Amino acid sequence: MPATLTVNGQRVVAAPGLSLFALAEQAGVHVPTSCVTQGKCKECVVEVTRGLELLSAPTDFERHLDIPGGRFRLSCQCQVVAGTGEITCHTMRRGHMRIERSALNLQASHRTTQLDPVVVRHGERIIDTITGDEIDRSTGPIHGLAIDLGTTTIVVRLIDLETGVLVADTSFENPQRFGGSDVMSRIHYDTTHPGRLLMRTLAGYLSHAISDLPVDPRTIYDVVLVGNSTMRDIFFRQSVYSIGQNPYRSITELDMAAGKRTTTSLTTTGRRSLLPIHPNARVYGGPIISGHVGADAAACLLAVDLAHEERLIAIMDIGTNTELLVGNRHRVLAASCPAGPAFEGGAITCGMPGLDGAIEDVAFEDDGSVRLGVIGGGAPAGICGSGLVDLLSELLRTGRMNALGRFDDGIERITLDEQRGIHFFESDVNELAQAKGANIAGLEVVVNQYGIQFDEIETFYLAGGFGRHLKRAASKRIGLIPNFADDKIVQVGNAALEGATIALVSRSKREEIESLVKRIEHCRLETHPGFFDFFVDGCQFRPVGASTRTTSD
Ligand code: FES
């Protein structure tokens with residue numbers, strides 16, 4: 001029985017001596033590369049989940065992948081050395097991941113924003129209206145990109161800047177995963193490995209995505225990029241060391257405090273960005289709010305039109321680093337909670353991201369059987385965040401788990417699919433309890449510091465891909481979000497991307513967010529005296545605050 005390789009679900013016979021890159025190509029899987037397998041571009045990373053021992057030893061080109069466990073390899077460098085056995089790997093671009101590209105139910109949108117872009121045409125001259133510089137001479141179209149750079153996923157929108165029309169969009173997983181799954185790991189990686197590998201790998205993937213767009217990339221003259229402080233600063237080649245150290249501030253924030261700059265936003269050119277856009281293009285990284293509350297959270301404020309909002313609102317974007325904003329046009333408080341990867345399937349025995357095969361719905365029937373909903377409709381391979389919320393809610397509802405997260409006596413594990421070995425353990429509950437506890441404690445602290453009660457919040461925006469797919473009833477039952485009336489909860493999808501798009505089509509909106517972020521108060525959770533008590537309470541699975549109303553999903 002010869003060795004086999006399964007890459008992104010495609011299986012081929014793996015003859016000894018062939019590289020994983022060559023075998024992936026044979027299997028019809030395209031592995032990103034810019035160096036034609038020379039070991040230089042670092043884009044061909046794969047994650048090997050089975051059969052690492054069947055591969056050749058890491059080469060010098062792979063020194064940057066010295067992560068414990070060693071499961072990341074450069075596919076062009078590692079060869080099959082065994083004659084039998086099974087190897088399973090996937091590229092950093094697995095495909096079929098559910099990535100939120102759209103936004104909905106928002107107060108503002110790029111479609112309704114008056115077109116007023118930074119880059120405009122004067123006859124044949126294409127002008128940057130901020131610097132007054134001529135970027136190009138052309139009668140061709142003028143395009144711009146809005147990019148949401150998340151720790152886990154990346155979404156790109158292509159906009160015609162002369163009409164404001166969305167031409168195309170694309171999304172992919174952040175290929176920096178080999179540097180860790182959360183921002184603190186990426187900071188550690190970036191500061192301990194020379195060569196800006198995270199930035200270069202990302203630029204390589206972004207370049208491929210941009211080249212695949214249905215326009216000449218050199219007609220892209222403006223880019224608005226948002227992301228958390230770490231993702232944004234890595235892209236702009238800033239040192240991220242200070243974001244990982246107490247008091248967790250971006251170098252731009254420190255420089256601003258020292259009077260060395262007047263904004264935390266960053267600007268570079270197409271040439272320096274390494275993207276295949278016009279070399280003189282303007283590339284703008286939106287301003288960050290403070291600490292880990294980054295340019296993505298700031299962009300959300302444009303999408304909910306906070307500058308004109310009289311009502312008290314809250315925005316919660318649940319992720320490995322949950323961002324919280326509470327306030328109105330008169331006063332805004334912001335905070336970030338290090339929730340960790342549990343709700344993205346990380347650190348959970350059978351957890352997985354929202355890819356095809358992930359269980360996203362769980363219901364226990366009266367006869368004791370379990371009904372599962374699976375992304376893509378095929379066989380289950382694991383459980384993703386929204387499935388975990390459903391599962392916890394069902395365990396509570398049926399009394400199989402108590403509010404402390406303990407299973408009923410005699411239950412050692414919950415089996416979701418016996419045949420495929422998909423089980424859920426009490427230890428998994430603990431991971432989720434802590435993630436949930438951090439989120440809700442963060443919100444309690446912000447609301448407390450604002451001097452209001454949950455009941456006074458008139459609209460609760462759940463932003464981001466995870467928030468988009470949550471069931472409100474289940475989320476409230478386990479206390480992941482406060483027990484708001486259903487009509488107060490608005491699931492808005494990728495509000496950060498919408499905000500970035502608004503800033504792309506409107507110079508005045510870009511100026512609005514620049515001035516708004518300067519008056520946002522940053523709430524430092526780690527120094528708040530009540531945080532620990534809120535956290536301990538928040539780890540319990542029961543409804544939190546606010547008024548109750550019958551819910552239906
Ligand atoms: S293809 Fe460039 S490093 Fe492997």
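**Salt bridges and a pocket: a short tour**

By salt bridge I mean a side-chain nitrogen of Lys or Arg within 4 Å of a carboxyl oxygen of Asp or Glu.

A word on the source before we go on. This is a predicted model, where local features need pLDDT of at least 70 and side-chain atom pairs count only at pLDDT 80 or more, while totals for chains, interfaces and linings use all residues. Residues are numbered from 1 along each chain as its sequence is written, and side-chain values use heavy atoms, with hydrogens and water left out.

Back to our pair: is Glu309 buried or exposed? Glu309 is buried, at a relative accessible area of 7%, and Arg311 is partly exposed at 27%. Here buried means under 20% relative accessible area, exposed means over 50%, and partly exposed is in between, with a 1.4 Å probe and protein chains only.

Next comes Glu310, whose side chain meets that of Arg329 in a salt bridge of 3.0 Å, N to O. Glu310 sits in the loop between helix 7 (295-303) and strand 15 (313-317), and Arg329 in the loop between strand 16 (322-327) and strand 17 (332-337), so this pair ties together parts that are 19 residues apart in sequence. Helices (H or I, at least four residues) and strands (E, at least two) are DSSP runs, numbered from the N terminus. Both partners are partly exposed: Glu310 has a relative accessible area of 47%, and Arg329 has 34%.

Please also find Arg420 and Asp417, a salt bridge at 2.9 Å, N to O. Arg420 is partly exposed at 41%, whereas Asp417 is buried at 12%.

How many salt bridges does a search of the whole structure find? The search finds 28. Elsewhere, Glu47, Arg71, Glu173 and Arg177 are linked in a network of them.

Finally, let's visit a pocket. On a 1 Å grid over the protein atoms alone, a pocket is an open set of points where a 1.4 Å probe fits, with protein on both sides within 12 Å along at least five of seven lines; lining residues have an atom within 4 Å of a point. The second largest pocket is lined by 21 residues, with His292, Asn321, Ser336, Pro338 and Glu526 nearest its centre. Helix 2 (183-192) and strand 17 each give at least two residues to that lining.
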